[in-house]
Amino acid sequence: MNANFLDLLRNVLPKHALLVEPEDLHPYECDGLSVYRQLPLAVCLPETEAQVQQVLIICHRHGVPVVARGAGTGLSGGALPLVNGVILSLARFKQIIAIDAEARTARLQPGVRNLAISEAAARYGLYYAPDPSSQIACTIGGNVAENSGGVHCLKYGLTVHNLLRLRVITIDGEILEIGNEALDSAGYDLLALLTGSEGMLAIITEVTVKLLAKPERAQVILAAFDDVQKAGQAVGDIISAGIIPAGLEMMDTLAIQAAEDFVHAGYPRDAAAILLCELDGLNEEVSEQMLQLHDILKRSGATSLRTAVDEAERLKFWAGRKAAFPAVGRLSPDYYCMDGTIPRRQLPQVLQRISELSVEYGLRVANVFHAGDGNLHPLILYDANIPGELKRTEEFGGKILELCVAVGGTITGEHGVGIEKIDQMCGQFSAPELALFHGIKQAWDEARLLNPGKAVPALHRCAELGAMHVHGGQLKHPDLPRF
Amino acid sequence: MISELIEKIQHAAAHGQTLAIRGSGSKAFYGGEPQGATLDVAAHRGIVDYAPSELVLTARAGTPLSEIEKLLREHNQMLAFEPPYFGSHATLGGCIASGLSGPRRPYSGAVRDFVLGVGMLDGRGQQLKFGGQVMKNVAGYDVSRLMSGSLGTLGVLLDVSLKVLPLPAAALSLRFAYDIQTAIRRMNAWSGQALPLSATCWQDGQLTIRLEGTQRAIQAAREKFGGELVADGMTFWRDIREQRAAFFLSPLPLWRLSVPSTADALMLPASKLASSQLIEWGGALRWLHSDAAPGKIRNAAAAADGQATLFRGGDKRSGVFHPLPPALLAIQQRIKHNFDPHEIFNPRRLFQKF
């Protein structure tokens, strides 16, 4: 069957657009979560929408699973190949089709890099707001699939808030336009449903995004604290005062030191926590709010406050934060990045518990936190060469995610479920809720061929894990070990 | 209360009955005619959780919007999508189900942009929760946003968590004498600049805009804009939002045309109707009173890459909402079936067929 199936793909794809030899398949064996690896049956690199459509029709007819892939920067294994499936790479769809400066929109092929959108819009004084940390590499198609965030979400929203229209192809080859360039359209909000659907519902061939006017001014302040709790309190105080910062990030000691040693951003190495708070908007507005912000941070016990004096220093402050992951990576052979979201008021309790677990597992943790929107990225340091350490790390990570759910949060804020958090989904959702998710998938993909096995666990998988659904913040049988 | 609702749903499912979900009835005019036995949910009310520093409020679906907005105001916060009430007892559930947003929509976002999570009952009477009380959450499909604008056809909302925002420190409204074409161009040009615009409305040769932000910021912006200061801006925008302004008093059917903001003045069936348009949302929303054939109005909207909804009055037999292409409709029908397999909830409120 394979030879016959591959011949059919060869008929619809140019020779260089179909990879089948193991050495060609290797670059596709994993995404940004490299602990999971698998060679696919083949990799398709179509160049036209008609080729995408043909590939899908052939796969549908032969019951071959399809895993869509953008730049492969995802952190949850969403683009992990399936042994009997094809990788459908949208990497060749790199064209910015049109930028309409008056309407403030950009029509894009799915393989356009996130940062390239803002670069192209800059000449009109416009930009694309969501800025995931992988923005130099990640693609807009992948951003839609994961509903990617970034450091500016509290004020400017996630991918879902910045989309107008998608052009997609279903597994049976039907081309659909979802949404439009108006602000709403008839029927259910399928644009919201597709955003963050992790390649499970349809394949994106075109994305129309909103562009925003560049703010007149942006200014960042770096506040140091001798206590993580005080930093957490300061975040609440800023927001209670009616200020919505463009960015509000927190880092703990280990993350601060790693970042400082790596990029020399000017962070105080002895601080227990730092806050980076950026305000943007009109010149007068930023001036007024900066005064207010100074007062709030002083009152909440900041041990030092530094306002970036110019654009170069502002970028330097951010460089430390943006390099936090690779910086932490220098401390240890490997690190594992978690992505839970919690109600902000739970931060002290959650950080306390994470540090207890860190001792229990004998694994160090650096915490990087999108403090404004409660999205926590604990980075667990480990060494994959030490037998059993990866397993302990994953177990530790699983505990952190369960903790996030137990305090009213979620197992993933912006990285997606993919294959990584599939078991924790059993803890966050009940069987009827998961069944409803499966029903949604089947409304689009009855044969379950698009990225099957990702994002939503099969009910029997959860049953085997032993009904760990968290009810009202309480784990059933909290005394029992999990996994 | 919830167990009673579950019983009623299961009873309806077992006996092939349909249910018309009702909060205060303030939006019963919108969408297809309510059909079936009334399922009253107004008693399921009360604010469940609100921590101003979290920017999140959770309330039961029957909670009056007025109660929510009053509490938020006490903490200098707001529902930034500025929901229309269309009746003083309007509930949170109806606000979400109708998916209608007010004048601030193009500048701050729509209802769906602020929905963080929902608790609901599906057509099997199962109690389900989606999303949560946090800003960022990508676990599972985004069912909570799907509820916004679903007009109760997918289930009974029990509670909703919303992102809230600080009230702007100051606001002022300005007015300019512009013809329709100039107004459309200006609204779009302003949106492309860093300006504290929070509402726009053109009607009858007058463009009114609202600026919001810190005191000094809006004063500085005022100097850039010029224009004439509107004395009672708050009343003006409330009357637009609630459709109490004189424009909306016409007895002719009211059409809502959702179009790209840059669309030129629409070529509408009868030329005299050009004066009976009201434009909001920076050009993206155009209201029209007209008794022209629905097909003609829909064609005019479609020609501008937009859609037309028969918002109030008129003959609903030809459909309220813009028709969908068959493949898209089929997906919507399967989604409906997934939530409500016995087709109990709000039949034909959103679609003509189901």
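**Entry 1: confidence**

I began with the scores, since this is a predicted model. The predictor gives the complex an ipTM of 0.97 and a pTM of 0.95. For chain B I noted an average pLDDT of 95, with 98% of the residues scoring at least 70.

I looked up chain A and found 17 helices and 19 strands in it. Its radius of gyration is 23 Å, close to the 23 Å that the globule rule gives for 483 residues, so chain A is as compact as a globular protein of that length. Along the principal axes, the C-alpha atoms of chain A fill a box of roughly 70 × 60 × 45 Å. I also noted that 55% of the 483 residues in chain A are buried, and that, of the contacts in chain A with a separation of 6 or more, 72% are between residues 24 or more positions apart.

Chain B has 11 helices and 17 strands. For its 354 residues, a compact globule would have a radius of gyration near 20 Å, and the 21 Å of chain B agrees with that. The box filled by the C-alpha atoms of chain B, taken along the principal axes, is roughly 65 × 50 × 35 Å. Buried residues make up 54% of the 354 residues of chain B, and 68% of the contacts in chain B between residues at least 6 apart in sequence join residues at least 24 apart.

**Entry 2: where the chains meet**

How many residues does each chain bring to the contact? I found 68 residues from chain B and 75 residues from chain A. On the side of chain B that touches chain A, the elements giving two or more residues include α7 (180-191), α8 (215-225) and α11 (326-339) of chain B, along with the strands β7 (127-131) and β9 (165-166) of chain B. Of the elements, α11(B) gives the most to this side, with 7 residues. Sorted by class, the side of chain B that touches chain A has 31 nonpolar, 25 polar and 12 charged residues.

**Entry 3: the sheet of 8 strands in chain B**

I then followed an open sheet of 8 strands in chain B, with antiparallel pairing and the order β13-β10-β12-β11-β15-β16-β14-β17. At its edges stand β13 (228-229) and β17 (307-312) of chain B, each with a single partner strand, so one side of each is left without a neighbour in the sheet.

Going through the pairs, I saw that β11 (residues 197-203) and β12 (residues 206-213) of chain B run antiparallel and are joined by 6 bridges, with Trp202(B) opposite Leu207(B) in β12(B). β11(B) also pairs with β15 (residues 277-280) of chain B in the antiparallel sense, over 3 bridges, and there Gln203(B) has Leu278(B) as its bridge partner. The next pair, β15(B) and β16(B), runs antiparallel with 4 bridges, where Glu280(B) has Leu285(B) of β16(B) as its bridge partner. β15(B) and β16(B) form a hairpin with 4 residues between them, and Trp281(B) in the turn has a positive phi of about 55°.

I also noted the helix α10 (residues 294-303) of chain B, which lies across β14 (254-258), β16 (285-289) and β17 of chain B and runs at about 135° to β17(B).

**Entry 4: Gly205(B)**

Which loop holds Gly205(B)? I found Gly205(B) in the loop between β11 and β12 of chain B. Is Gly205(B) buried or partly exposed? It has 13 other C-beta atoms within 10 Å, and is therefore partly exposed, given that a residue counts as buried with 20 or more such atoms and as exposed with 12 or fewer. Leaving aside residues up to four places away in sequence, Gly205(B) touches Ala177(B) and Asp179(B). Gly205(B) and Gln181(B) are 24 residues apart in sequence and 9.9 Å apart in space, C-alpha to C-alpha.

**Entry 5: the sheet of 5 strands in chain B**

Last, I looked at an open sheet of 5 strands in chain B, antiparallel in its pairing and ordered β3-β4-β8-β6-β7. The edge strands are β3 (47-51) and β7 of chain B, each of which pairs on one side only. On average, and with direction ignored, neighbouring strands of this sheet are turned by 10° against each other. Within the sheet, β4 (residues 56-60) and β8 (residues 156-163) of chain B pair in the antiparallel sense over 5 bridges, and Thr58(B) stands opposite Ser161(B) in β8(B).

Terms used: Residues numbered from 1 in each chain as written. Chains lettered and ligands numbered in written order. Predicted model: local features only at pLDDT ≥ 70, side-chain atom pairs only at ≥ 80, totals over all residues. Contact = placed C-beta atoms within 7 Å. Nonpolar A, V, L, I, M, F, W, Y, C, P; charged D, E, K, R; others polar. pLDDT = per-residue confidence, 0-100. Rg over C-alpha atoms; globule rule 2.2 N^0.38 Å. Pairing = 2+ DSSP bridges. Axes fitted to C-alpha atoms, helices over the stretch in contact; angles between N-to-C directions.
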